[in-house]
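Please walk me through this structure in plain paragraphs.

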Amino acid sequence: MATPGHAPRSSPERLVSTYLGMPGVPPKPAAEPLDPLRWGPTFPEAARGTLGDAQLRTNLRRATRTIRDKRVAVTAELPDWEALRDAGAAIKADAMERLPELLEQLEVTVTARGGTVHWARDAAEANRIVTDLVRAAGAREVVKVKSMATQEIGLNEHLEAEGIAAHETDLAELIVQLAGDRPSHILVPAIHRNRDEIRDVFRTRMPDAPAGLTNEPAALAMAARAHLRALFLRADVAISGANLAIAGTGTVAVVESEGNGRMCLTLPRTLVTVMGIEKVLPDFRDLEVFLQLLPRSSTGERMNPYTTMWTGVTPGDGPQDFHLVLLDNGRTRALADEIGRQALHCIRCSACLNVCPVYERTGGHAYGSVYPGPIGAILTPQLLGLDDADEATASLPFASTLCGACYDACPVKIDIPTALVHLRDRALHDGAPRRPTAAGAAMGAAAAVLSSGPRFRWALRASALAGRVLGGRRVRRLPWPGSLWTAGRDLPALPVRSFRDAWARARRTDGRGRP
Amino acid sequence: MTAREEVLAAVRAALGRGPDGEPASPVPGGPRAVHVPRAYRVATGTAPGSVAACDLLEHRLLDYRARVTRCGPDDVAATVARELAGAASVAVPHGLPEAWVDAVRVGGASVLADEPGRPLGAAALDRTDAVVTGCRVAVADTGTIVLDAGPGQGRRVLTLVPDRHVCVVRADQVVGSVPEAVRLLEAHPDRPLTWISGPSATSDIELVRVEGVHGPRDLRVVLVGP
């Protein structure tokens, strides 16, 4: 991943060592993230910034609606869609229950077929393992398949610091890398960029961009094809993630569209796959469920253009040196929470992002994590741990209206709203007392008012009085401590009369007093 | 403790088991810890090998903007030759029917044979215009063709690097659903599998679909019989 201040290493021999600035295309977000899993301010603070980006909101509205409509169309044409969701949910729940046995079995089957399995407790260990493998292969550059796991551990930045150029080969990831951005969507990571910006990124940062490159998506895609083909043909090492792996057979699968995945998984001599431990499935037959759930939920297609499955090493066909890195990096922490652990069932389809009214408006960067949207709001804090989480991390479970659209869209029926409420509770009550948060203060004040009859009556009268003063206008800012609440939301217009008052009045007029 | 031991111990602890905790089910394929309801369809009403299955496959492939040509069993070689028109060089995998290879030669294209012990390199394939293969199975419901590197299908690189892929699918290879295909493929799960649903595509720029990025930009399916 390119970072501001350094040119992306798109080609070692043509490396520009100083980033001279590119006024037209500043990176998004501007700040350099320290941890890809969680960077930046709290969600409400970050959202205030992204909400002001009109281009972003236009792009997002269009993208989320388009994918949403396609998904609804292709899931509706399957009469057994709900049965597939039930099967998918149960297969994942079962896999979690048997995770130790399945991982051990996967190690056995992959090894038996000539692969090598590595275990990584955390990001640093995974990065070290991958770096050593690249060095052992004698390579100074690698080609990469789009992978959430390697983004999560900041592998590109680590490799770059070790003098190894990591080339993203998915078109959107290439755009994000060249621009020095962070991905803003799991499926379409460059959705925050329009075609003009992308043309400018290619013109200024892709050394072999054709002269006179236009902003036509087809022209831009062909420029990327030409640029990347040279890399594919010369690369000795590829790095990928995995959509799933089958314990019973050792089969690993990558689902993709462009063919960059096939290039990486086929041409280089060495293949290193980094996979979260939760991606393991028990049996080959389970593929028949996930190969229906994933493409239809993700891109809204009946099937994605390409899926590659490989089992260890096949002599004479594809990489002859295969390494599978099994990554924990907080997953066992999430697994320990009986309600929260369902976040580990996620197959990274991004359907929940596309239906979320909050994501559609704030965009992915507001979540400050490689995992944005509703799933990110429950996954990120659990991977990092809530016990001693900072306020920014603890703010993520609150980045939701609890409307439940994500639950309905999820192909493996992750009950995100329930997990959000549960994690809100944990964020407020777990671990050492942290400084008061907006939500905490508001809830504390509400508890004080609601637990006492006289105080409740007083509060109602006070708010009715305020309602009359405001004359039905929305309240944008309250004085402290109410400002903690209004910092993230408007207060609805206050009624001039409380329900309690109206009820008492009605009783008096119809002649019946208190019973 | 090694990383392996530590991760596995953490998983066991997270599941509320002791370090030597009793596994729920030691064998994948054995009893599941959670009941998995499989009420979804395996058969979809589209009989494998039927005219209806071929029609649906064609419809789905056209939807992906692949090119589909139907022909009878006696016309395969001639149809393959027509689909290769304009290609000066054609790669053929080991085990491709001789009649098809002859058809390539008759068309005037030079034939690059990928044979065991004499594999074609990626750079040579990059200069090759087209490739002809068969397939293992095709899924009508999703418009998917699966190659498992068996005879006549070749190593994965063959169908990846040349820009045109002419793929011959026999009607008796067409099943209705994804589960039907998976149940065929699970007989040889160790073979490298490539699932192809149309030409390569991207929608990464403003969600505008562009066909043909890295894989073959030109997918031509020859659908044979019934």
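Chain B is divided into domain 1 (1-36) and domain 2 (51-224). The model is a predicted one. Taken over C-alpha atoms, the centres of domain 1 of chain B and domain 2 of chain B are separated by 42 Å.

The contact between the chains takes 78 residues from chain A and 65 residues from chain B. On the side of chain A that touches chain B, the largest share, nine residues, comes from helix α3 (residues 81-97) of chain A. The residues on that side of chain A divide into 39 nonpolar, 19 polar and 20 charged.

Strands also pair across the two chains. Strand β9 (residues 306-311) of chain A and strand β9 (residues 193-196) of chain B pair in the antiparallel sense over four bridges. Within chain B, β9(B) pairs with strand β6 (residues 144-147) of chain B, in the antiparallel sense over three bridges. Here B:Leu147 stands opposite B:Thr194 in β9(B). Which way do the residues of β9(B) point? B:Leu193 and B:Trp195 point one way, B:Thr194 and B:Ile196 point the other way, and all are buried.

The next element is a sheet in chain B. Six strands form this open sheet in the order β1-β12-β7-β4-β2-β3 (chain B), and the pairing is parallel. At the edges stand β1 (67-71) and β3 (110-113) of chain B; each has a single partner strand, so one side of each is left without a neighbour in the sheet. From one strand to the next, the twist averages 25°. One pairing in chain B joins strand β2 (residues 89-92) and strand β4 (residues 130-133), in the parallel sense over two bridges, and B:Ala91 stands opposite B:Val131 in β4(B). Helix α3 (residues 76-83) of chain B lies across β1, β4, β7 (164-170) and β12 (218-224) of chain B, running at about 165° to β12(B).

Chain A has a sheet to set beside this. Its six strands form an open sheet in the order β1-β10-β7-β4-β2-β3 (chain A), with parallel pairing. The edge strands are β1 (116-120) and β3 (165-168) of chain A, and each pairs on one side only. Neighbouring strands of this sheet are turned by 25° against each other on average, direction ignored. Strand β4 (residues 237-240) and strand β7 (residues 270-276) of chain A pair in the parallel sense over four bridges, with A:Ile239 opposite A:Val272 in β7(A).

Helix α12 (residues 287-298) of chain A can be checked for length. At 1.5 Å a residue, its 12 residues should span 16 Å, and the end C-alpha atoms are 16 Å apart, which agrees. Is α12(A) enclosed or open to the outside? 12 of the 12 residues of α12(A) are buried, so the helix is largely enclosed by the rest of the structure. Among the buried residues are A:Glu288 and A:Arg296, along with A:Phe290 and A:Pro295. After α12(A) comes A:Gly300, whose phi is positive, near 70°.

A:Leu99 links several of these regions. A:Leu99 is found in helix α4 (residues 99-112) of chain A. With 26 C-beta neighbours inside 10 Å, A:Leu99 counts as buried. Leaving aside its neighbours within four places in sequence, A:Leu99 is in contact with A:Ile277 and B:Val11. A:Leu99 and A:Leu281 are 182 residues apart in sequence, and 9.0 Å apart in space, C-alpha to C-alpha.

Some backbone details in chain A remain. The peptide bond from A:Lys28 to A:Pro29 is cis, with omega near -10°, and A:Pro29 has its place in the segment before α1 (43-51) of chain A. A:Asn329 is not a glycine, although it has a positive phi of about 45°. This residue, A:Asn329, is found in the loop between β10 (321-327) and α13 (331-335) of chain A, and is buried, with 23 other C-beta atoms within 10 Å. A:Ser350, also a residue other than glycine, has a positive phi near 75°. A:Ser350 is found in the loop between α13 and α14 (351-355) of chain A, and counts as buried with 25 C-beta neighbours inside 10 Å.

Definitions and conventions:
Residues are numbered from 1 along each chain as its sequence is written. Chains are lettered from A and ligands numbered from 1 in the order in which they are written. This is a predicted model: local features need pLDDT of at least 70, side-chain atom pairs count only at pLDDT 80 or more; totals for chains, interfaces and linings use all residues. Two residues are in contact if their C-beta atoms, placed from the backbone, lie within 7 Å. Ala, Val, Leu, Ile, Met, Phe, Trp, Tyr, Cys and Pro count as nonpolar, Asp, Glu, Lys and Arg as charged, and the others, Gly among them, as polar. Two strands pair if DSSP finds at least two bridges between them. Domain bounds come from an automatic or database domain assignment. A residue is buried if 20 or more other C-beta atoms lie within 10 Å of its own, exposed if 12 or fewer, and partly exposed in between; C-beta atoms are placed from the backbone. Axes are lines fitted to C-alpha atoms, for helices over the stretch in contact, and angles run from 0 to 180 degrees between N-to-C directions. The expected span of a helix is 1.5 Å times one less than its number of residues.
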